[in-house]
Amino acid sequence: MSLLHRLTHKIPKSPNSRFFATNPTAQHHNPSLEKQPSTAYYDSLVNAAGRSRDFPILRHLLNRRVRDGCFNTTKTFKFVSGYDADHSTVLHELCETLARLDKGFSRKSAYDSLIARLCKLNRIDESLCVVDTMVRGDYGVSACTFHPILCSLTKKKKMEEAWGVLKLMGDVGIHPDITAYNYLLTAYCFSGDLPAATGMLRKIAEEGMEADSRTYDALVLGACRTGKVEAAMVVLRRMEDVGVPLLYSTHAHVISGMMELGYYAQAVEFVRSYGGRDKGLDTESYGCLARRLIEKKRFEEAKELLAEMRRRGLAIGEKLRDFYHTKSSV
């Protein structure tokens, strides 16, 4: 009998073993239970069961972790990367196991997590097979189920395949959400394909969707990558006017765009103009600008910026801190 089997049939003495007990009364009166189970602990057990292909125990763990409030993570199905020779057979067994999980969130979240893991391994065809299983079994497939697939495809600039996934969503009765469209929009903006990006925006408007922070972030990225920093600033002001939250990455796009055009003083002025509103944003923006100034060998400006960060109590990364100390001692 495997270790995992033994764990499910008796009450271990481990402080984290509450979820393996089969007697509720014994659980309640066990004085050694000092800690709540964690997602990392469950991930470790799930992966151990997965590597040994102990699917009954895997099912037990996936159900129990949700009941204990330890939801699935990106590492829950890490063990699938170890199946090379017979991964299709194992995937079939795994999908059958997930189909027998508790109805509702436990089952849906497990399938979604598996799809995300397969996409991380660039096994898109297999992730689509899992989607098919969810659709046929009515296991709660939704727009977010497709997000990892779209993310993976657009990052690799496989736009035709990404559009095919959007069509598939419609075919199975799932309406693409703004996040789904944002993946394609960001890919077009990153590559500087403004006509395609414009078409994507038109599609979003036709669907009656409201642009969110990621939509605006993509537009700022596209403008900056094509050297249109002024246009990026217009988009940024529009975000503020309509009350859409600014992302740290949106400011980073503007900083990078200005630096590429040699607008060093303007980049510093831009970062300082937002100073004091959000300490996290200041830390990211000042640090980003300091690194870019160093890359451009604008050492004095970088040193001055880091000194300002120190005065304001902003966190400075180790490399930037070493640079500052080196230059200050010269």
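Predicted model: local features only at pLDDT ≥ 70, side-chain atom pairs only at ≥ 80, totals over all residues.
## Helix 8 and helix 9

On the side of helix 8, the contact is made by Ala143, Phe146, Ile149, Leu150, Leu153 and Thr154. Helix 9 contributes Met159, Glu161, Ala162, Val165, Leu166, Leu168 and Met169. Of the residues in this contact, 11 are nonpolar, one is polar and one is charged.

## Helix 10 and helix 12

What angle do the axes of helix 10 and helix 12 make where they cross? The angle is roughly 5 degrees, and the two axes come within 8 Å. Angles under 35 degrees count as roughly parallel, so helix 10 and helix 12 are roughly parallel to each other.

Helix 12 covers residues 213-225. Its part of the contact consists of Arg214, Thr215, Ala218, Leu219, Leu221, Gly222 and Arg225. From helix 10 come Ile178, Asn182, Leu185, Thr186, Cys189 and Phe190. The residues of this contact divide into seven nonpolar, four polar and two charged.

In soluble globular proteins, nonpolar side chains tend to be buried together. The largest nonpolar core of this chain has 55 residues. Helix 10 (residues 178-190) supplies the largest share of this core, with eight residues.

Which residues have the most contacts inside the largest core? They are Phe77, Leu94, Leu98, Leu114 and Ile149. Ile149 also takes part in the contact between helix 8 and helix 9. Leu98 touches Leu62, Phe77, Arg107, Ala110, Tyr111 and Leu114, leaving aside residues up to four places away in sequence.

## The chain as a whole

The chain has 18 helices and zero strands. Of its 330 residues, 46% are buried. The accessible surface comes to about 17,100 Å², and carbon and sulfur atoms account for 53% of that area.

How much of the contact in the chain joins residues 24 or more positions apart? Among contacts with a separation of 6 or more, such pairs make up 57%.

Conventions:
Residues numbered from 1 in each chain as written. Heavy atoms only, no water. Helix = DSSP H or I, 4+ residues; strand = E, 2+ residues; numbered from the N terminus. Buried < 20%, exposed > 50% of the residue type's maximum accessible area, 1.4 Å probe, protein only. Contact = heavy atoms within 4.5 Å. Areas by Shrake-Rupley, 256 points an atom, 1.4 Å probe, with all protein chains shown as cover. Core = buried A, V, L, I, M, F, W, Y, C linked by side-chain atoms within 4.5 Å. Axes fitted to C-alpha atoms, helices over the stretch in contact; angles between N-to-C directions. Parallel < 35°, antiparallel > 145°, perpendicular 65-115°, else oblique. Nonpolar A, V, L, I, M, F, W, Y, C, P; charged D, E, K, R; others polar.
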